[in-house]
Amino acid sequence: MADTQQVDTKAERKVARLAKQISSFSRAHGGAEGQVAYLGERGARIVLVGEDGNWGDLVAPSYEIAEKAVEKSGITAHESFDGEFAAKVKTGRYEWSRMAGIQVGGPKNN
């Protein structure tokens with residue numbers, strides 16, 4: 001019984017910490033929306049998109065913890081990273097150069 005309580009307490013602290021980070025991102029970017037994606041054994045990725053188009057992500061140790069953190073933060077959660085949601089992301093030169101680098105075999109070491 002003590003082990004279960006300890007695990008639950010640890011999970012609750014992680015949820016609270018992630019929710020605080022999500023809320024902070026949301027305040028800094030005029031609001032935010034998010035989506036939780038399963039990463040397998042690594043857990044889940046929380047993708048955040050601010051109203052200003054800036055984006056970021058967090059990794060949670062489990063899908064359940066990620067969902068609880070998003071819910072606790074109060075942001076809008078999307079089922080998928082579909083076209084309408086993805087269109088809100090603003091990308092800059094850095095992102096385009098990274099994407100182009102991936103397409104042509106990555107950065108060259110001269």
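This is a predicted model: local features need pLDDT of at least 70, side-chain atom pairs count only at pLDDT 80 or more; totals for chains, interfaces and linings use all residues.
## Strand pairing

Two strands pair if DSSP finds at least two bridges between them. In strand β4, His-78 is the bridge partner of Gln-35. That link belongs to the pairing of β1 with β4 (residues 76–78), which is parallel and has 3 bridges.

One of the bridge pairs is Tyr-38 with Ala-44, the latter in β2. The two strands make a hairpin, with 5 residues between them. Gly-40 sits in the turn and has a positive phi of about 85 degrees.

How many strands form the open sheet, and in what order? There are 4, in the order β3-β2-β1-β4. The pairing is mixed. β3 (55–60) and β4 are the edge strands, and each pairs on one side only. From one strand to the next, the twist averages 25 degrees.

β2 and β3 run antiparallel and are joined by 6 bridges. Val-47 stands opposite Asp-57, which is in β3. Strand β1 covers residues 32–38 and is mostly covered, with 5 of its 7 residues buried. In a regular strand, side chains alternate between the two faces of the sheet.

## Helix α2 on the sheet

Helix α2 lies across β1, β2, β3 and β4. The helix runs at about 170 degrees to β1.

Which residues of α2 are buried? In this helix (residues 63–73), they are Ile-65, Ala-66, Ala-69, Val-70 and Ser-73. They cover an arc of only 135 degrees around the axis, so they lie on the same side of α2. The face turned away from that buried side carries exposed residues: Glu-64, Glu-71 and Lys-72. After α2 comes Gly-74. The phi of Gly-74 is positive, near 85 degrees.

## His-29 in its loop

His-29 is placed in the loop between α1 (2–28) and β1. Is His-29 buried or exposed? The cut-off for buried is under 20% relative accessible area. His-29 has 18% relative accessibility, so His-29 counts as buried.

What does His-29 touch? Leaving aside residues up to four places away in sequence, His-29 touches Gly-50, Glu-51, Asp-52 and Asn-54. With Asn-54 there is also a polar contact between the side chains, at 3.5 Å.

## The aromatic pair

A pair of aromatic rings is described by two values: the distance of the centres and the angle of the planes. This structure holds 1 aromatic pair. The rings belong to Phe-81 and Phe-85, and their centres are 5.0 Å apart. Their planes stand at 70 degrees. Edge-to-face requires planes over 60 degrees apart, and the pair is therefore edge-to-face.

Phe-81 is partly exposed, because its relative accessible area is 38%. Phe-85 has a relative accessible area of 1%, so Phe-85 is buried.

Key
Residues are numbered from 1 along each chain as its sequence is written. Side-chain values use heavy atoms; hydrogens and water are left out. Buried means under 20% relative accessible area, exposed over 50%, partly exposed in between (1.4 Å probe, protein chains only). The arc is that of the directions from the helix axis to the C-beta atoms. A polar contact is a pair of N or O atoms within 3.5 Å; within protein, one must be able to donate a hydrogen and the other to accept it, and residues adjacent in sequence count only if both atoms are side-chain atoms. Contact means heavy atoms within 4.5 Å. Rings of Phe, Tyr and Trp (its six-membered ring) pair if their centres lie within 6.5 Å; planes under 30 degrees apart count as stacked, over 60 as edge-to-face and the rest as tilted. Axes are lines fitted to C-alpha atoms, for helices over the stretch in contact, and angles run from 0 to 180 degrees between N-to-C directions.
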